[in-house]
Every structure is written in C-alpha cells, then in structure tokens.
Amino acid sequence: MKRIYLIIILLVLFSFSSCKKFLDINHDPDAIENVPIKMILPSALSSPMYILGGDGQIIGAYWAQQWTQSTNSPQYQGFDSWQITNSTFDGRGYGALYYYSLTDLKRIKNEARKTENWSYYLMATVIESYVYQTLVDLYDNVPYTDAIQGEEGNITPEFDMGEDIYTNIVDSLKYALNLDVTTITSEDPEESDIIFNGDMNKWKEFANTLLLKIYLRESFKKDMSSEITSLNGSFLSEDADFNIFVNQSDKRNPIYATAEIEQKGNISMSRTLIGYLIDDMYGSPNIRDSRVDYLAYRPNKVPEAHRALLQGDFYANSNVYYLGGSSTVNYWGAENIEYLSRPLILYDTPLYYMTLAESYFLQAEADIRYKGGAEAQDLYENGVKAAFRRLGLTDTDAQVILDDVNYAAWSSATTDDERLNLIWMQKWVSMTNIQGIEAFIEHNRTDTPKEFNVNPNSDPINWDDDYERGWFTVSVNNVTNGRFPRRLLVPQSEIDGNPNVPDEMRNKKIYDPVWWDVN
Amino acid sequence: MKKLFLLFILFAFTVSFSLAQKTVTGKVTDNEGAGMPGVTVLAKGTNEAAITNLEGIYFLNVPEGVKKLLFSYIGYQNVEKPVADVVNVQLTPNTELEEVVITALGIKRDVKALGYSATTVKSDELTKNKDRSALNALQGKVAGVNITTASSAPGSSTRVIMRGFSSITGSNQPLFIIDGVPVDNTASGSSSINGGTDFGNGINDVNPDDIENITVLKGASGAALYGSRAANGVILITTKSGKSKDAKKGLEITVNSTGTFETILRLPDWQNTYGQGFFGLRDIRENTSWGPKFDDQMRYWGYSIDGQRRIKPYSELPDNVLNFFDIGQTYNNSIAFAGGDDKSSFYTSYSNIYSDGIMPQNNDIYNRHTLKISGKTKLSNNFTVSANMNYIKKQSKYVSTGQGAVSVYNQILQIPRDIPITELQNYTDKWNNLDNFYSAYMVNPYYTLNEFGNDNNQDRVYGSTKIEYKYNENLSAFFRFGSDITNEQRHQHDPIIDPQGINSVNRSWVNTNEGSVTESSRFRRIFNTDFIISYQKSFENFDFNLMAGHNMSQSNNKTLYESVIGLDIPEYYQLKNSGNIPFVYEGESKKRLIGVYMNADLSFFNIVFLNATLRRDWSSTLPYPNNSYYYPGANISFDFTAAFPEIKKIIEFGKIRAGWAKVGRDADPYQVYSTMVIAGFSNGYDGTGLSFPMADGLNAYTVSNSIGNPNLSPEFVTEFETGTDLRFMHGRINLDFTYYNQITTDLIFYATLPYSSGFAGQTLNFGKLRNRGIETLLTVTPVKKDNLTWNVNINFTKNYSKVLELPESLLNAETGEREFTLIGIGLPTTGYTSFTVYEKDPIAVFTVNAPETVKEENSPYYGDIIVDSNTGLPKVSSDIIKLGNSNYDYTLGIGSSLTYKNLNFSFNIDIRQGGLMYSRTAEMTYFSGTNKFTTFNDRQPFIIPNSVIEITDADGYVIGYEENDLPVSNNAPNAIGLGANMHDYWGNGANDLNKRFVIDKSFVKLRDASLTYSLPKKWLTNLFIGSMSVSVIGRNLLIWTPEANRFIDPEATSFGNDLTADYGEYGTNPSVRSLGFNLKFTF
C-alpha cells in the first residue's frame, strides 16, 4: 500500500512541478518567430512586383489595351468585358499587397528604426510608398493610417482618403531621403537588396523619381509646380527591376508560367496596340516599330503577319475585322489562337517597378510643363532609346522611329500638347508586357491614348471611319454601356470582414474615377 | 488535488483478513451439458475465487463462515448456490438484463446502470461480410452514427460522424480507443482537385478479425472521461484476448479465408445516340459527344499516321466505359491462435489483405499485413499484467482523382460514346502515343494510368501494456502505457507530356507537363499513459465505486517532403533526375495534454444508478498559463421495472436515463504565436507562383499571413441526453430510444480577416452551433423456434443541426446575413457554387447564383428567364439562392438475420434520405454531352420556354423585354445573335445554371448480404476441427438513387474526412460492389 502511495505522490508531483516545461511547447519548430530584417527584405522587395506583375499585369494590360482575351478560353473574359466583381484582384492582389508586402515592409521599417539602420528604412519606405500609391490609383480610398495593425488588435481599419494618403507617402519619402544612409550596418544589404544590390544612391534616385511620378499624377487635379520644380536630386538611371528568374517551376516570370506553361493561349495581343506598331495587319506586314517582334509572337499559322483581336472580342463575333476576310475559322475554339499574335514573354523576363524609359518620360513631361521644355527632346529620345535597349535592340533601331515623322519623330509635334502626346504614347508602348497596371493608370490620368467611343457591334461596317491608330476602342463585349474602366471595386474581403468600409465606397462602379482623375 | 489525497486516505482504511478454510469442488456445465472452462467461482463475501478448468471442474478453498458460492461468466446468468462439499452447477445464457458494456476507460458496466446511450456491436456482426474495415462493417447498424466510405478504391478511408457536425473548421471525427488506448486515425492523402489521393485512415488498419466488439459512445456523457479528444464521441474497440467463451480448449486456431470480386456499382446513365464531334458535326479531335447521330457507317477515327488511318463503324459503344475497368479482386486471409488457462491467456494473429481494384493492371493496390500478439497473466501476488503489440505493414497504389491529365477518370468521362476505349490500351504504339493520340484536348487514359503514380508504404506499430494491482476486492489500481507509431513513405510522380510531330500541333495547347517526382515521409506518434485507482464497496442496498485517474498524452507529427518539377530523362522517376532546385518542406508538431479526473458511480437498491465525472485538462496548444479547463458531467439511470415490479407483466425491463455533460476541446498546435515563414507568392495556377529560395541561393522570409491568438480558449460541447430502454416479450422486442441536444460554444475557427489588417486570417473563438435529434433502435425476434430464428433490427436517426450564432464580423453587407464560406478552406472554387455556413441555417448550405429573371411585377414577362442577346444563354444574376444543405434528413438502417438449422441468411439495408452534394462527374457528362439529359429534344434547336431578351435604350439601359427567339442549337453559329450553342447551354447547367450540378444525395443501398452454412459439429468431431462454416458474401450489392442522380454513388467524396467531405465529389473513381466467398474454421 505504502509503495503505491509513494508512486502516486511521485507521479503527481512530477507531472505538476514540471508543468511549465512540459506544456509550454507551443512554439512551431518549423516557423521561426523572428528573423534578421535582411532575411525579410528580398520578400518585401519582390512581392509587390510579383503581385502587380503577375495577376495585376493581366488585368492592367487588358485595360491598357495592350492585350486582350483570346478566343481560346474564357479565363479572363470578365476583365476584358469590364465585368468585374468585388472579388476581382482581391485575395492575390489587394489582399496580398497588404498581408504579404505591406506587413513585411512595416516589420522592416520598425526594426530599422530601432537599430537606426536607415538604408533598410529608405528601401522599405520607397516600396511602401510605391504600393500605397498604386492602391490609391486603383481603389482611391484604402486603409492607411490604421492598416497593418492586426497584431496590435485592430482588425477592422478605417479607410483613408486617397488624397490624404498621397500627402502622407510624399512626407514619408521626403523623410527617408533625408536620413543618413552612409553608415554600413551589420546587415549589409548588398545581397538582400534584389533591386540595386545595396547601392543607396540608386535608391535615392528611385525615391526622387517616385516623388516626381506622384506629383505628376496629382498635377491635373492640383497645382504641383512648386513641388516639381523644387525636386533637385538626380533621377532613376537604370531599371528598378527584379531579374533573377530561372526556367523552373515556381522560379519563372509569372506571366510566362501562366500564359506559356499552364494555360497556353489564354492571352492574345490587342488590335489597339498592334495596330499602332504596324501599318497593315491584314496584308503583308509593314512594321513601323521594330519592337513589335520583340513584344509579340507572330501567329503560328500565319507567321507572315501579326494579327490581333479587337479589344474584348473574345467570341470573335466580328472576325471580319481582324482576320482579313478569313472566315473559315470557327467562332470559338482552341485553334483560333494559332491565328493570333501572342505576348512575347520569356521565363526570365524581369519584373519592373519602374523602367529607365519611364524615368525619362516622366522627366520629359515635367520639363515641358514646368521647366520651359528645353531638355524635353533629349529626355524623350533617351526614353525611347532606353525602351528599345530593354528589349535588346539598339539606339540605331530606335532612331528609325525617332526619324519617322508619321509616327514618333519629335519634329512631328509642334505644340506642347502634341509633344506631351508623343511622350505619353511612347510611354504606353514602352510599358507593353511589363507594366500593364501603370499603363492603365497613366491612361486614366493623361487620357492618352484617346478613347474612341463607337462600339464595333453597333455598326460593323463604318464604325472605325473616324478612328485613329492607337486609340482605345470600346470592348466589344463590354457590360458598362461603353464606359471605360477607371478603377477596381472595394474588395470583397473588406466588405465581408470590415464594418468600416465607407458606404460610398461600396457603391462605386468600375467607371467611377479616382480622386486625381479629371478625365 | 486535495480531493485526490482525500481519496487516498480513504483507501487506507481498508483492511484485509483471512480465516480458516475448507475445499469445495464441482463441475460447471453449459445449457448443453458441456463443461465450461473459465467460469469464476467466488466465495461470497470474500475475495477467494477459482476458475474452472477445461473440463469445467473447479476447486475452491472456502473460508469458514461463507454461506454461498457465486458462479459467474460473461454472457451467462449468475448463479448462487449454498456451500457444500460438491457443488455442480448448470449455467444458462442470459438473454437480457445482465448484459455488460465496456464504457470509458475500459470500465465494465451493466447495461441497466448506464445513464447514456451506448451501442455495442459484436465480433460476428463485424466480420460477417469480411470487409477489410471494421468501420465499413458498422455502416447502417448504429443509430446516430453516420459512416461513409470516401470511395471504393482499394484501401480508401472511412468517415465517421456522430450526432452531426459539432465543429466547423475543427475535427468532427470521434476518438478511437483500442483496448483503452487512443490510436491514430489520420486520413492520409490529398483532396486536391488536381490529383486527389486517399491512402486510407488509421483505424482501417485494424484487422476486423482481431476485434471482440466495438462500443460506440455517441454523446458527451459517455465520453467525458476521455477529455478533449472525445468531444465528438468515442469508438471503443476491444480486441480478442484469448479468453473468449468459444475458447474451450487449451488452444484454438481460427482460420479465415475470403475471396471477393469487385465490379462497378454505378456509372452515369450514358446517351447512346450521338458520337464524337461538335456543333453536330464530326470532328476527329474532339473529346465530346456533341457530334452527329450514329449512322453505323464505316469511318476514319484518329489522325492519319504514316499515311494510314484507322477505321471503325460510327456506332454507339454502350459499354465502352464499363469495359475499361477490370474486375477487382480481394483476398483476405487470416489465422489466429488463442488460448489460456485460469491464470493466463494469449492471442496472436496474422492477416493479409491483398486487393487489386477495378483499374486495369496493377495500378490500384492495397496490400495490408497485420500481426498481433497479446497476452495476459495473473500473478500470484495480485498483480495482473497484460500487453499487446500490433504491427501493420501497408502498401498502396492509388489512381488520382480530380481534373487534368493526372486523373484517369477525368479522361474516361470525356471519351466520346463511340470511341473503343480498350483499343487505346497500348499507349506507346503509334496510334495511341502522346504525339498521335486522337484527342486534341486530353491524354490517353492508359497513359495517365501507367505513367502517373502514387505509391504509399506504411509501417505502424501500436500497442499497450497494463499493470493492474488488486489490493483486495474493494481497492485496485492500474497503470497503462500505450503508444502508436506510424511511418509512411510516399513516392509520387508525373511524366513529361510534350507531344511532338505533325499531329501534335493540335495538342500543343493542352496538357503539357514537365514531369515531376515527389518523395515524402510522414511520421506520427502518440504516447498515452493512464494511472487509475478505483475503490468499490457494496452494501445491502447501496453500492458505490469511486475512481480517480491521471492521464498524460503526447502526439508528434513530422513530415518531410521533397519535390522536383522538370525531369530530364522521361520515365525515370527519381529526385536526382532534374537539375532544378527541389521544393522542400518540413513540418513538425508536438502536442501535450495532462488530465486528472474523478468518476463516481452510486447505485441504490439496484434501481437507481448515479454517475458523476469531473475532469481537468491542461493542454499545450492553449496559451500558457491559461491552458487548463474543467468539464463536469452527471447522469442517472432508473430501472422502473425493478422499482415497480407489477409493470413487468407488460414490460419485462425498462429504464429511463438522463445525462448532462460538458466537454472541452483544445486547438491545434501553434495557433498562439505569430511566426515568419519562407517567402512564396501564389499566382493563380499551381506552379506559376514564386517560392524562395531563388536559383542564386537567395532565401527570404515573410511574416506569416496568420496572426497568432494569445487569447485562444477551448471550445465546449455541452450535451443533454435522455432516453429509455424497454424490453418486451421475453426479450423478443427491444426498444432503445434517445433524444439529445448538443450545443457547441466558442467554436475554434480559422477566420479570414480584412486584409488591410495586414493578415489574412486568425484562429478565433466564436459562434454557437446546435445539434439535436433522436436515435432509435428496435430489435425484434418475430420467430424463435428450435430450428428457426428470425431477427430484425431497425435503427433510425434524425439530426437537426442549426448554426445559432455567428459573430458580427461575418456579416455580409450585401446579403444581410452572417456567413462563413467553406470554399477556399480545403474546397475548390467551382464556378458559382458555394458551400457556406449561415447563421440560423443548418450547417453547410449550398448556394448558387440564380438565373436572371424579370423582376418587374407589372411586366407581362414577370418571372421569365432573361437570356443574353449575344450568347443566347441564361444570364447569371448576382442573386444568391440557397439550395439546401448537405445533411441527411434522416437515416434508416434495416438488418435482418434468418437462421434455419445450420444455415444463416442475413442482410443490411442502409437508407439515407435528403441532403445535397456537388458532383463534378455530373458536370463533366453535361459538358461532354455523354449523359442522357443532353439528348433533350433529340438535340434539335429549341427556344428556352418563358425566356426573354432585354430591350435597351441608346445608353444601354434596360427599358423592357421581348420574347426570346434565339434558339439553343447544336449547329455551328457563324455570326452574332444566332442563339446559344447546346454544349454551352448544358455545360453551364441549362436553365438551372450551377444548380444542376448540386444533386440530391439520397440513396438506398443493399449494404451487405451473406449466406452462411455452419457444418454440424458432429461431422467434425473426428477431424480435429472445432467448427467450420462456408459463406457467400456480398457488399454494396444494389443501389437506388432518385431521378436527379443518374451519375454517381452519392457516398463518394473527394474532400477528406470531415465537414468538407460533405461538399461532394470532384471526379472520384466509380464505386464498386463486391461478391465473394468465405471459409472459416477453427481447430
């Protein structure tokens, strides 16, 4: 009996005295709770590009009329018929920007502030500002002040006005630009900075160019002359890109993985863009911009020409308009893609925040509008050349179009408006395949390319009598009565879980402009 | 703790004594006059006892002063005899009243003392039809328990749900206990829609021949003592110990040999009028049957290769799909040795099941070996030691389900009605290889079958050791240690699919694959210890039994996973066959639980029985130090026939019972702290995302998109149940009725957060869920004569589930309802179909988007369907309609057994009424034009009845409607506005849209039937054979489903083993019936 006693008492005592050690084992051995910020930085810098350059690129390029939905599958018909829902671009777009990118960026900023690691603070601030600007440009009002506070217990953030967010990101960029980033810290960003390999001067240039981009975006709504003229730093001198893809699953350019590996033939080139780059789509190709063969594959079945689908004509109801009279093809089916040009994107095509070309085009616009325009031609031509060089072409190739008075020659423009139009059109072309979202947003700001409002369905014969090449056309299968898309709708995830979504946000339509959009 | 010590002090008052003795002897016989071994003979009032030997003879030293001897044996009525020098006794089997049930922690209790519902199913019922799974054998036999087999692929898993779903994102599976020790019941496999696999669940590893009986404790009352893990009910499995009443000889050997054959039970109802093509025209590349009517003319099929064409009549092949499948074969052999004497017993067995399923060749295999060793011995110093050990080796090959090239059945479902599938078998010849396969849109099913692979090998050891010490008749204690260790090794591969050559042009757009190899290993371990002290004391009119226990358990899991995509050399499936960076995953978890508990049983006059339990658990998965919780329970049973004996004229035995209990349930590990994870971004399709590390060695972490919850608390299930057991007509009619009302509060949910919080989700406690219902079991013996016995049993279950409360944060402003969608949480997004938990509705409601209709009440077209003027198809509206939920309205099991002399015929019918499920198989047969519904109107053009087109003004606003004159036709339209294409029309669900693919899952199944002949014993006496029987057995022999389901066996599921499984199926392989023979003999 006594022995049993002893055993019992020992057992009981043992299990209770060691309770803390025995039971406090709830830390996941496979998921570390804290890592050095240099191990977060590559994720924080790459995820926005991946989100905007992957799922975002498709919707952006459709709305920027560089791509259109092919007849091969119904995959993105919603985007192209301008029929989106609150769920469009929600989880893997809007959501991922918040719960992947902004959360990581905030973590880096907080740690960097604690350790006065200002180079990390600068990098995180630039990308954070870039992400918030894009969110405002797509959604207008989004959570900012209250955002990313889940860990602090606030899971229902209030929304901020887009204009206020602009003010805040400008302030935070200016603040970050003034920090001392010369001190080398223990966490040298040379390897973890996947964009500039730790070169802080390049980050300052990027920050400065981003400020210019932000100012110009507001500039038709507000007078930004003093802000723009007072920008005195140097501007971006190389592409801000992510360029380490290899040809294997989960390590490729996301559009290549989607459109070439998983669902071949979903996307075709839009007639809007192709019609601007070549003279005749129907007969023998008269290419006026040699980039076309570096941006698009020619059709498998008719490699002598480029052929593109009218925007939003995914049932090819109007096949007479694009196939040059060939009506032998079914209105629907896998083989149709073989008669269409497709985007040329390789497994290692980089993702871009901003290209060198964009930097030049922004500067050129600022020069004309705010600095007298003396350097505008150089800046413009440098922009075009940079865009050619990005595709592996040379300055000589670029010079061909810079000399073409019917297309892109500076001399073809005689007024500032015409010069701005040239800059904006070339900027639109330069963003093909890589910066769909930016091209769409810039179209909203500049109304360039112009919008042509006749639906081909309304008058199949004469609809394009007044059409000029490069102009946006009304999506053939649009559901908005011809109103062009201007924004995304407040995400379903916020509607479902956040009672602080403002009522007026719930009622926005795809064609309602964001705050700076005067068009 | 203080209480525990008090109890110990109480024990100390017990003393023992010994007195002068005399020896009594005698023989115990059964009702046939044969000597009965193993009968306990007790000198009443002492703890002196003896056990009869093989001839039924005993010798007992009876202390002086003892007046009576008590003879007892399980299953027989106790007999008391006055002490004499020789006391011979004949025992009669008890048919009623004194039955004993094994309840929580292995406590044996009289049926009449139970204050809650417990159902026991015995060995012969479980093994009658020789299913490889004891759970499958329980199907339709126990009220309140819903058992479904996910598929009939060899070795697939079985889902058990008791009394409805009490958790939404947590587990609803009961706890499985073998000989007092919890065992692993992990369902191994994947519910991916791009290649689902099912390697079975843990409990199906147990050899049914080893099982003595299974007791099902459905409610919280019966389960309270098992703690957290038992909130969903407990299934107690007692294995054979070698001391069964059949083991009358020193050694008994039982041999069982079964062979069964499996054939297809259900395929879709095919149409046999139209063949390969599209738009009503022939198209040799098509994967659909939207072509012209069969004309029996000789025509080419497939491509031209080397200037040659194949030719066949353009005729229907009604059995082309059926002919694809083989006849499955299952061989089940086992041998068991059992024996013992009055002190010791042992049992050991070996079994093997080899099953080759209905897929051609050796591609779906289940090969299970089990070995069991168990023994028990009673030492002279009042210690009893028992131990058992089980080893299971299981090899499986599984053919993936779902969509895409990985799924064989997905290819089969699309094959046109005139294509001779079996001629595709040689998938390397020039006609059928990847380059020249006839269809532009799919892969040769034989290629998929042979070149994609899922192989799983499992080794598992489980067992326990128990040391029992009986201090005296009143006080005893035991310590038990149990453990269950499983190791699985899995190899999976996809081939390179990259068609080349002239005919591949048409195929280059679809189904290319870079090839992949995945090696993974999964390790699981459960440790469990119990230490229990019990004290019992009987007085004249009052008995009590007190018990206190301590329980400790730990479970560990570890998964290692390595995968490469992009193979260099075709058909060489090794990790090294790729220069790409492998994807590596390592997952590890550990969970611990400590519990202390008390149990008290009191009985008064053998009429009123009270039971009370209290348990406290400390769980490692809850935030330390707020990681403990209590749960109490109490129940009462009242034998009113004993209290008022005059009732016995009508009711021989009757009791009413009532119980209340509350059980806490902890969380999964690692929900408390926020973490960092390796960075990776998804992008729509599998394989299009980005995962770190990058090729140049750069690695990165990201803040996990789930936040930890430092305030996580347990969820509680509170249950009240009441019921009655009644027996009439000498036990010929028994009725067992239970009503229960169960409420789950503070449900542990993984809830999605507004993304602007910086996180996608968090594990939270919220909501309230109720299940209430009735369970009835009626057993009737209409005929009981010398040579003829006929038993019928009927069980009926009806459960009402209702989500009582969801939090404000789940309010959908558009619908005005609080809702939580299960889509995305382990379920795919399939078009407009959703599976959602709504407040105030039964759990898990199916919703679809309604077709757009005219809503203006004053319009002459009010209520008509609006079709799109471009496509001619019904427009999808944003209105969500609730179709109903996935729960059965009721389930009914009917079993019958007829014994005439040595011949027994029995069968069970399983009836389940109501409930909905999604069927991808149905959707595919509409898409490919292969089911009978698609021959509507002989495929002639028709206008959708009561349909209209919108009239719009210049700005595009709807100003009115006009009658739709766009026909739905199977012709090729060549310009806009010609109407809808029939393939699109049916493929999109016709006028019902996605509602068409959510089907009624009611069924009636002839679950099993058997005919057994037991050879008369007198024939065997000279043959060293104890008994011998021969049976013809069948399972799932027949199925009836309502008109809405002409596609599948509605038990099929592709989505795991819990609530999500109720969503339905995504191209699961067809179910089978099996028929075979069994030979059983004992030596």
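Leaving aside its neighbours within four places in sequence, which residues is A:Trp203 in contact with? Select A:Trp203 and you'll find A:Leu45, A:Leu122, A:Met123, A:Val126, A:Ile127, A:Asp193, A:Ile195 and A:Phe196 (contact means heavy atoms within 4.5 Å).

Quick housekeeping: this is a predicted model, where local features need pLDDT of at least 70 and side-chain atom pairs count only at pLDDT 80 or more, while totals for chains, interfaces and linings use all residues. Residues are numbered from 1 along each chain as its sequence is written, chains are lettered from A and ligands numbered from 1 in the order in which they are written, and side-chain values use heavy atoms, with hydrogens and water left out.

**The cores**

Stay with A:Trp203: together with A:Phe206, it has the most contacts inside the largest nonpolar core, a set of 159 residues. (Such a core is made of buried Ala, Val, Leu, Ile, Met, Phe, Trp, Tyr and Cys residues joined through side-chain atoms within 4.5 Å; buried means under 20% relative accessible area, exposed over 50%, partly exposed in between, with a 1.4 Å probe and protein chains only.) Now colour helix H7 (residues 118-139) of chain A, which gives the most to this core, 15 residues. (Helices, H or I with at least four residues, and strands, E with at least two, are DSSP runs numbered from the N terminus.) Domain 1 (2-48 + 82-236 + 489-506) and domain 2 (356-430) of chain A both contribute, so the core lies between them; the bounds come from an automatic or database domain assignment. Apart from it lies another core of 53 residues, including B:Phe278 and B:Tyr1063.

**Rings**

Next, select B:Phe325 and B:Tyr409, both buried. They form a tilted aromatic pair, 6.4 Å centre to centre with 55 degrees between the planes. (Rings of Phe, Tyr and Trp, its six-membered ring, pair if their centres lie within 6.5 Å; planes under 30 degrees apart are stacked, over 60 edge-to-face, the rest tilted.) For an edge-to-face pair, go to B:Phe1081 and B:Phe1083, with centres 5.4 Å apart and planes at 90 degrees. B:Phe1081 is buried at 17% relative accessibility, whereas B:Phe1083 is partly exposed at 31%.

Then pick B:Arg592: its charged end sits over the ring of A:Phe22, 4.4 Å from the centre. (That takes NZ of Lys or CZ of Arg within 6 Å of the ring centre and within 35 degrees of the ring normal.)

**Last stop**

Finish in chain B with an open, antiparallel sheet of five strands, in the order E45-E46-E47-E48-E50. (Two strands pair if DSSP finds at least two bridges between them.)
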